[in-house]
Amino acid sequence: MKTFYTVAALALVVAFSGAVHAEGSKIKKSTLINASQNSGNLNAAIGKNSRANTGSISVKGSKVEKSTVINASSNNGNLNAAIGKNSTANTGSVDIQ
């Protein structure tokens, strides 16, 4: 079981580290910049409906107009963990809902 959690954590690191998500949003005349630099970080979400993000911009169900959103965080050697049902952990992230 420990191996499963290790593999799941590694998959989440690859999937969400430095990612930009925009879901169900209208972004007009806006600039989203994700210039995050991540090294040696552990990013893990363990549990139903859990999320863990490192150096990401996430826009969901939102309307962003004539705005600039910049994520220029520098993350080195951090542990970012969301453990439990419906938990969220963000490091160097911007989340607009």
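Student: Which backbone atom does the side chain of Asn41 reach?

Tutor: At 2.8 Å, the side chain of Asn41 reaches the backbone nitrogen of Asn78. The model is predicted, so local features need pLDDT of at least 70, and side-chain atom pairs count only at pLDDT 80 or more, while totals for chains, interfaces and linings use all residues. Residues are numbered from 1 along each chain as its sequence is written, and side-chain values use heavy atoms, with hydrogens and water left out.

Student: What makes the pair of Asn41 and Asn78 a polar contact?

Tutor: A polar contact is a pair of N or O atoms within 3.5 Å; within protein, one must be able to donate a hydrogen and the other to accept it, and residues adjacent in sequence count only if both atoms are side-chain atoms. The distance here is 2.8 Å, so it falls within 3.5 Å. Asn41 and Asn78 are 37 residues apart in sequence, with 4.8 Å from C-alpha to C-alpha.

Student: Where is Asn41, and which residues is it in contact with beyond four places in sequence?

Tutor: Asn41 is in the loop between strand S4 (37-39) and S5; strands (E, at least two residues) and helices (H or I, at least four) are DSSP runs, numbered from the N terminus. Contact means heavy atoms within 4.5 Å, and on that basis Asn41 is in contact with Thr54, Asn75, Asn76, Gly77 and Asn78.

Student: Why is Ser87 called buried?

Tutor: Buried means under 20% relative accessible area, exposed over 50%, and partly exposed in between (1.4 Å probe, protein chains only). Ser87 has 14% relative accessibility, so it counts as buried. Its place is the loop between S11 and S12. Beyond four places in sequence, Ser87 touches Asn49, Ser50, Arg51 and Ala82, and its side chain has a polar contact of 3.0 Å with that of Ser50.

Student: Why is Ser30 called buried, and what does its side chain reach?

Tutor: At 19% relative accessibility, Ser30 falls in the buried class because that class is under 20%. Ser30 lies in the loop between strand S2 (26-28) and strand S3 (31-34), and its side chain reaches the backbone nitrogen of Ser67 at 3.3 Å. Beyond four places in sequence, Ser30 is in contact with Val64, Glu65, Lys66 and Ser67.

Student: What puts Ser73 in the buried class, and which polar contacts does its side chain make?

Tutor: Ser73 has 16% relative accessibility, so it counts as buried. It lies in the loop between S9 and strand S10 (74-76). A polar contact of 3.1 Å joins its side chain to that of Asn75, and the backbone oxygen of Gly92 is reached at 3.2 Å.

Student: How do you know that S6 and S12 pair?

Tutor: Two strands pair if DSSP finds at least two bridges between them. Strand S6 (residues 51-54) and S12 are joined by 4 bridges and run parallel, so they pair. Arg51 has Thr88 as its bridge partner in S12. In strand S12 (residues 88-91), Ala89 and Thr91 make up the covered face, and Thr88 and Asn90 the uncovered one.
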